[in-house]
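Biologist: I am new to this structure and would like to learn how to read it. Could you show it and take me through its features?

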Amino acid sequence: MTHTARRIGRSLALVLPVVLVLSGTLAVANVPWSTSGPESQVLTASSEKVNVRAKSRAPQDILRDKLLLELQEKDPGVALTHLQREVERRPSLAQHCMSIARSLGRAAVKQYGPTRAQSFSRPVCDTSFASGVAQQTG
């Protein structure tokens, strides 16, 4: 009986690695690595059901997106007022105030044109809104 078990073990020791290498090679050969068409979607078929937490966004990015949306729905004056209030409420946002105000200025030019956008300018964050308007028009 031990002789039979040894023969089976030796056979498996020789055959099993060959089978594993061949099956792995065939599996990799069937994956469309370089295609950019719809057949490359094979690997992402289950991506809709993935339960992975999204990376948390920085508070200044969330505020910027919120204010840009507010600028589109209402007007730049309302967005600038809310920016000033948020910076007063959360002083940690003060270091990002200028870049957010410039983004609002650029967005205001796209939506209202340079002359009307400049009319909403006010001294929030060292007149960075006006700087964003000027950058977008120049």
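Biologist: Which helix is Gln60 found in?

Modeller: This is a predicted model, and in it Gln60 is found in helix H2, which covers residues 59-73.

Biologist: Is Gln60 buried or exposed?

Modeller: The cut-off for buried is under 20% relative accessible area. Gln60 has 17% relative accessibility, so it counts as buried.

Biologist: What is Gln60 in contact with, apart from its neighbours in sequence?

Modeller: Once residues within four places in sequence are left aside, Gln60 is in contact with Leu93, His96 and Ile100.

Biologist: How do I read the overall build of the protein, starting with how many helices and strands there are?

Modeller: The protein has six helices and zero strands. Read from the N terminus, its elements run α-α-α-α-α-α. Of the contacts with a separation of 6 or more, 65% are between residues 24 or more positions apart.

Biologist: What share of the residues is buried?

Modeller: Buried residues account for 25% of the 138 residues. The accessible surface comes to about 10100 Å², and carbon and sulfur atoms hold 57% of that surface.

Biologist: Now the salt bridges. What is the general idea, and how many does the structure hold?

Modeller: Side chains of opposite charge can pair when their charged atoms come close. This structure holds three salt bridges.

Biologist: Which residue does Asp65 form a salt bridge with?

Modeller: Asp65 pairs with Arg57, and their closest N and O atoms are 2.0 Å apart. Asp65 is partly exposed at 37% relative accessibility. Arg57 is partly exposed too, with a relative accessible area of 46%.

Biologist: Where do Arg64 and Asp61 lie?

Modeller: Both lie in helix H2, three residues apart, which is about one turn of the helix. Arg64 counts as buried because its relative accessibility is 18%, while Asp61 is partly exposed with a relative accessible area of 30%.

Biologist: And which residue does Arg89 form a salt bridge with?

Modeller: Arg89 forms one with Glu86, with 3.0 Å between the closest N and O atoms. The two are three residues apart in helix H3 (residues 76-89), so about one helical turn separates them. At 57% relative accessibility Arg89 counts as exposed, whereas Glu86 is buried, with a relative accessible area of 15%.

Biologist: How should I read the nonpolar core, and how many residues does the largest one have?

Modeller: The largest nonpolar core has 21 residues, and those with the most contacts inside it are Leu67, Leu83, Leu104 and Phe129. H2, H3, H4 and H6 are the elements that give two or more residues to this core. H4 supplies the largest share, seven residues.

Biologist: What does Leu67 touch?

Modeller: Not counting residues up to four places away in sequence, Leu67 touches Ala79, His82, Leu83, Ile100 and Leu104.

Biologist: How does the length of H4 compare with what its residues should span?

Modeller: H4 has 16 residues, which should span 22 Å at 1.5 Å a residue; the end C-alpha atoms are 22 Å apart, so the two agree. H4 is followed by Gly113, whose phi is positive, near 90°.

Biologist: Which residues of H4 are buried, and what do they pack against?

Modeller: The buried residues of H4 include Cys97, Ile100, Leu104, Val109 and Tyr112. The buried residues of H4 pack against H2, H3, H5 and H6.

Biologist: Which residues of H6 are buried?

Modeller: In helix H6 (residues 128-137) they are Ser128, Phe129, Ala130, Gly132 and Val133. The buried residues of H6 pack against H3, helix H4 (97-112) and helix H5 (114-119).

Biologist: Last, the surface. Which residues make the nonpolar patch?

Modeller: Leu14, Val15 and Val19 make a nonpolar surface patch of about 290 Å². Leu14 lies in helix H1, residues 2-29. With 65% relative accessibility, Leu14 counts as exposed.

Conventions: Residues are numbered from 1 along each chain as its sequence is written. This is a predicted model: local features need pLDDT of at least 70, side-chain atom pairs count only at pLDDT 80 or more; totals for chains, interfaces and linings use all residues. Side-chain values use heavy atoms; hydrogens and water are left out. Patches are made of residues with over 30% relative accessible area and no salt bridge: like charges are joined within 9 Å, nonpolar side chains (Val, Leu, Ile, Met, Phe, Trp, Tyr) within 5 Å. Accessible areas come from the Shrake-Rupley method with a 1.4 Å probe; for residues, only the protein chains shown count as cover. A salt bridge is a side-chain nitrogen of Lys or Arg within 4 Å of a carboxyl oxygen of Asp or Glu. Helices (H or I, at least four residues) and strands (E, at least two) are DSSP runs, numbered from the N terminus. Buried means under 20% relative accessible area, exposed over 50%, partly exposed in between (1.4 Å probe, protein chains only). Contact means heavy atoms within 4.5 Å. A nonpolar core is a set of buried Ala, Val, Leu, Ile, Met, Phe, Trp, Tyr and Cys residues joined through side-chain atoms within 4.5 Å. The expected span of a helix is 1.5 Å times one less than its number of residues.
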